[in-house]
Amino acid sequence: MNKHMNRRDFIKAGGMSTLAVTLGTTGLFSFGGKQTSLAAPNNIASTAGFGPLQKDPGGILDLPKGFQYRIISEEGGKLRDGRPVPAMFDGMAAFPGKHNSTVLVRNHELSGNHAHPVEGKNPYNKDATGGTTALVVGPNRKIEEEYVTSAGTIRNCAGGATPWGTWLTCEETLNRGHGYVFEVDPDDPEGKLSKTPIRDMGAFSHEATAIDPETGIVYLTEDSSPSFFYRFIPNDRSQKVGALQKGGRLQAAALEETSSTSAGDFESGQNFSIVWKDLDPEKPSDDAIAKDCIQFSRLEGAYFAGGVFWFDDTSAGDKNLGRVYRYIPATNTLELFYESTSSNDLEMPDNICITPWGDLWIAEDGGGTDRIVGMTPEGEVYTFAENRLNSSELAGPTFSTDGRTFFVNIQSPGITFAIWGPFGRRNAGRQRQMGHAAPPAAYAPQIDDKLAEYAERKGLSALEAAAFHRHGMPIL
């Protein structure tokens with residue numbers, strides 16, 4: 001890093017796309033300080049993943065051969081001011097820090113009384129127990145310090161990183177005076193920004209956010225039932241710290257019938273498209289219902305990569321096992337990418353991310369043995385990790401900006417892991433490929449011949465037609 005650049009300048013100059021070098025491996029796992037050796041593979045994994053999982057002798061986290069983990073933070077440990085590390089670890093993002101360190105900003109999904117609340121100096125509301133912390137992780141993947149970055153909020157579930165180097169933390173609550181998005185600046189912990197709600201982003205049970213770096217538009221999910229797919233169009237699209245506070249328009253997606261204005265269109269039947277409807281940010285969910293916006297079951301994770309916004313509906317489908325969608329802003333296209341029919345395949349998708357080399361990774365929250373499941377642009381599926389400790393969810397999957405380290409949480413009791421090994425090299429082209437690839441055949445939404453014929457006639461992908469059909473459009 002140029003010595004005259006600060007962390008945010010580095011990000012804006014392209015630091016988020018720094019090339020990752022494939023890491024050599026000793027086959028050493030770290031279990032809270034105890035080290036156990038496993039044989040390393042002869043070569044790195046193929047596009048189909050990293051091979052079968054190896055049983056963790058510590059009984060915590062199973063990983064493929066050649067990978068290692070270290071527990072870097074635990075609930076009840078000590079922050080730099082001596083207070084306990086807060087509980088209920090959830091959403092998380094990684095930023096480049098000083099001296100080749102990584103700064104993690106981590107949510108705490110807390111409300112009400114708890115033995116380990118977030119205790120900040122400058123809370124938004126002194127009676128609320130949620131908030132965010134930061135972890136500074138050295139290049140040796142050991143923790144250097146932990147501290148509170150925001151406090152006085154409720155149920156900080158997920159959120160999303162901004163292209164300018166801050167974290168949007170979301171309150172998953174309908175409690176009066178709460179239910180907002182806050183911007184947290186790792187360079188200014190507990191600053192004014194972190195205790196100022198972005199009111200135009202709406203008061204609702206927020207889950208996650210992701211930003212299109214080309215347009216500055218923020219996409220948001222809602223963890224409620226029903227829930228809606230939102231976007232926020234900022235008045236100030238400079239993509240600078242605090243710019244979102246200048247307000248904007250909140251909208252929700254809807255499906256509407258459209259009529260062709262082309263004299264050459266002789267096709268009979270209906271045409272449908274995605275439209276965006278303006279909402280009152282003080283009562284967006286009620287407004288979305290009144291304006292016939294798309295009703296989802298319960299939206300969760302969100303991620304933007306390769307020109308595509310990914311999000312999931314954790315309890316949707318005939319068996320309530322979940323769906324994964326992708327929205328392509330350039331074509332205003334909503335596609336149903338994945339629909340689970342078996343808990344063995346994937347159960348209740350939650351937080352998601354696109355890996356530096358272009359695979360889709362999904363964290364489960366199914367209440368059983370939760371996993372990190374990967375899907376490739378080539379249509380293959382694999383499991384990268386399994387939580388063997390308990391039935392608590394895996395949360396906050398994120399990669400260091402150099403792509404060498406994967407961080408993830410077990411929510412309760414709170415544990416944050418640093419994982420490394422033979423990850424693939426950064427590949428922006430493959431990230432874009434993932435955004436347009438067909439899903440694995442076993443996971444793709446099933447459509448009948450009539451719907452497939454309709455899609456072909458209208459120039460739709462089968463995934464787009466499936467999204468329309470699942471949400472009640474009478475397209476046949």
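T166 sits in the loop that runs between β10 (156-161) and β11 (167-171), and T166 is buried, its relative accessible area being 0%; buried stands for under 20% relative accessible area, exposed for over 50%, and partly exposed for what lies in between (1.4 Å probe, protein chains only).

The model is predicted, so local features need pLDDT of at least 70 and side-chain atom pairs count only at pLDDT 80 or more, whereas totals for chains, interfaces and linings use all residues. Residues are numbered from 1 along each chain as its sequence is written, and side-chain values use heavy atoms, with hydrogens and water left out.

The protein has five helices and 28 strands, taken as DSSP runs (H or I of at least four residues for helices, E of at least two for strands) and numbered from the N terminus. Of its 476 residues, 59% are buried.

The largest nonpolar core holds 33 residues, of which Y219, F229, I274, F309, F311, Y327 and L334 touch the most other members; such a core is a set of buried Ala, Val, Leu, Ile, Met, Phe, Trp, Tyr and Cys residues joined through side-chain atoms within 4.5 Å. Helix α5 (residues 462-470) contributes the most to this core, with four residues, and at least three residues come from each of domain 1 (53-436) and domain 2 (446-475), whose bounds come from an automatic or database domain assignment. A second, separate core of 24 residues has F67, I71, W357 and Y382 among its members.

Helix α4 (residues 449-458) has L451, Y454, A455 and K458 as its buried residues. Seen down the axis of α4, these fall within an arc of 100 degrees, so they line one face of the helix, the arc being that of the directions from the helix axis to the C-beta atoms. They pack against β17 (271-278) and α5, while D449, E453 and E456 are exposed on the other side of α4. At the start of α4, a side-chain oxygen of D448 comes within 3.2 Å of the backbone nitrogen of K450, and after the helix comes G459, with a positive phi near 75 degrees.

Technical notes. Contact means heavy atoms within 4.5 Å. A polar contact is a pair of N or O atoms within 3.5 Å; within protein, one must be able to donate a hydrogen and the other to accept it, and residues adjacent in sequence count only if both atoms are side-chain atoms.
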